[in-house]
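Please look at the sequence and the model together before reading on.

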Amino acid sequence: MRILTLIRQVLDAEESVRVRNGVVELEGSKLVMDTMDEYGVEEALRLRESGAEAEIVAVAVGPARAEEAVRTALAMGADRGIHVVTDVTLDAIALSSVMAQIAKAEGAELIFCGGQEADWDSQALGAATAERLGWPQATWTSALELKGTTLVGKHEADEGSESFEVALPAVVTTQQGLNEPRYPTLPNIMKSKKKEIRKETLENYGVAAKVKVNGVEIQVKERLKKILDGKDAAGAAAQLVKMLREDAGVIG
Amino acid sequence: MILIVAEHANGKLSKSAYELATAARGLKREGGVTALVLGSGVASVAGAAALIADQVLVADSAELAQYDAEVWSAAVAQIAAEGEAEVVLIAGSRSGREYSPRVAVKLDAPLLEDVTSLKDESGVLHAEHYTFLTRVTERVEAKAAVVVVTVKAGAFAPAAAGTTAAEQFDVDLELPKRRLVVTGSTKEKTGRIALTEADIVVSGGRGVGTPEGFVQLVEGLADQLGAAVGATRAVVDAGWRPYSEQVGQTGKTVQPKVYIAVGISGAVQHLSGMNKSKCIVAINKDGDAPIFKIADYGIVGDVKEIVPAMIQELRK
């Protein structure tokens, strides 16, 4: 079986966001493989370690620097990488076309994709890729096992969680709690340098963005910051309740 | 024609449906607003939808008793294509955001996700949505014969129900087989208002000390205020609270009238789920905690003393 894990390189969540000339500036900031994508790589490795015969391929579409994120996946244990090198920003629907074409060409049977990555806050890539392939999807997956050719797992629904079964091929989107991603060990980092990352160009995939981005801003809401000292708990509590009732008018 | 997919739960039209109606009314398209109701035994829901739309399409069948991404996307895409919808509005709920990409692919349409504003300018849809863990607002546009849009909960004011009911039409749909088989579900029934629909949210973090402390302080205050209960990832990971209560990047996003953070320091992943709340209140022992930087009101002190005192004060 071949498993694809879709990788995005994003701004580390701990880094502050800066906007310059209408775009978020990433130059000089720490960029990492998205945590949501790490769950996907880790889960693919675990499925293999629990007995599934699988080749694990990390796939990224993005600028030259995105290779670092693919390299991280290889250092975790993925077998090889595919990097479609482009500076074009694609929305999830357009990007899903690239992912689906790669999945077909690779004969993949299982795709892992982050539930919601930390750069574009989109949840669409996994579902859109599944639709293009005519596959079912399990989103926001918090537990997963492979029994024969059936995935058995748990995922979050609108309210509460559901247990599910779905036959391969399928797309699985991840979330926190699915697993605890491993850190690449030094020997594995050394080994990963020899692993293949196939470079491709976006032109071969015939896609164009469907959504035009007109700019970004950081909208900071001015907050009142009326912070009381709570040494006198009863007094502070009474004053806070009064402010919420009378000044803010937000409670009855 | 603008198509809105009217969500419902427990026999009631969801707040999101009223918000979609407002978003739809702001667009300049001919053919009015059509609401689509999918489900089983949904006559009363369809009746409510008829008060906010110009016509209602009802697909009432046992096959639609339970949500499924493939079934829902097939149904919505079919109706949108047959009705030549120019805009398809879907709630930015977990399910809405899960099946809407499939609708967009089926219709070869652009998808605008989780928008907080929506405008029509000479046939081009302009929207805003958050990126970078809700820290950045991105302005986007899409121009196409049909555009699929998911709308963020709370971004639009709910439409007031009209007094005359629009006409209802039953529709027959060709639905695909379910392939994701749901073998069990655990629905948390708290008796409280849903987190994403509440005007007041009381959330707790590790600072409440113990699971019992959470019940006493966070649930106690929420009960007093008629509020929904939220939790941080740390508290959910520790098994104190169910995932359904989690607020943040990997949980729910809320923007209530007031968000009361009890014993929450304010990790960026948590803030991304609540930083658009209209009013933020923080109670925490550490005055340097990041949560105070985005708070309108707050108390630096021991939550175990302050919250019970607030509960007592509210009872007066």
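This is a predicted model: local features need pLDDT of at least 70, side-chain atom pairs count only at pLDDT 80 or more; totals for chains, interfaces and linings use all residues.

Residues are numbered from 1 along each chain as its sequence is written, chains are lettered from A and ligands numbered from 1 in the order in which they are written, and side-chain values use heavy atoms, with hydrogens and water left out.

Student: What area is buried between chain A and chain B?

Tutor: Contact means heavy atoms within 4.5 Å, and 80 residues from chain A and 85 residues from chain B take part. Buried area is the accessible area (1.4 Å probe) that two parts lose on being put together, summed over both. Carbon and sulfur atoms give 53% of this area, and the total is about 7000 Å².

Student: How many residues does the largest nonpolar core have?

Tutor: Such a core is a set of buried Ala, Val, Leu, Ile, Met, Phe, Trp, Tyr and Cys residues joined through side-chain atoms within 4.5 Å, where buried means under 20% relative accessible area (1.4 Å probe, protein chains only). Among the residues with the most contacts inside the largest one are A:L240 and B:V262. The number of residues in this core is 74.

Student: Which residues of chain B does A:L240 touch?

Tutor: Residues up to four places away in sequence are not counted, and within chain A there is A:L228. From chain B, the residues touched are B:V281, B:I283, B:Y297, B:G298, B:I299 and B:M310.

Student: How many charged residues are in the lining of the second largest pocket?

Tutor: On a 1 Å grid over the protein atoms alone, a pocket is an open set of points where a 1.4 Å probe fits, with protein on both sides within 12 Å along at least five of seven lines, and lining residues have an atom within 4 Å of a point. The lining has 47 residues, with A:R8 and B:E138 among those nearest the centre. By class, 28 are nonpolar and nine polar, while the charged residues number 10.

Student: Is A:D121 buried or exposed?

Tutor: Phi of A:D121 is near 50°, a positive value in a residue other than glycine. Because its relative accessibility is 8%, A:D121 counts as buried.

How values were computed
Buried means under 20% relative accessible area, exposed over 50%, partly exposed in between (1.4 Å probe, protein chains only). Ala, Val, Leu, Ile, Met, Phe, Trp, Tyr, Cys and Pro count as nonpolar, Asp, Glu, Lys and Arg as charged, and the others, Gly among them, as polar.
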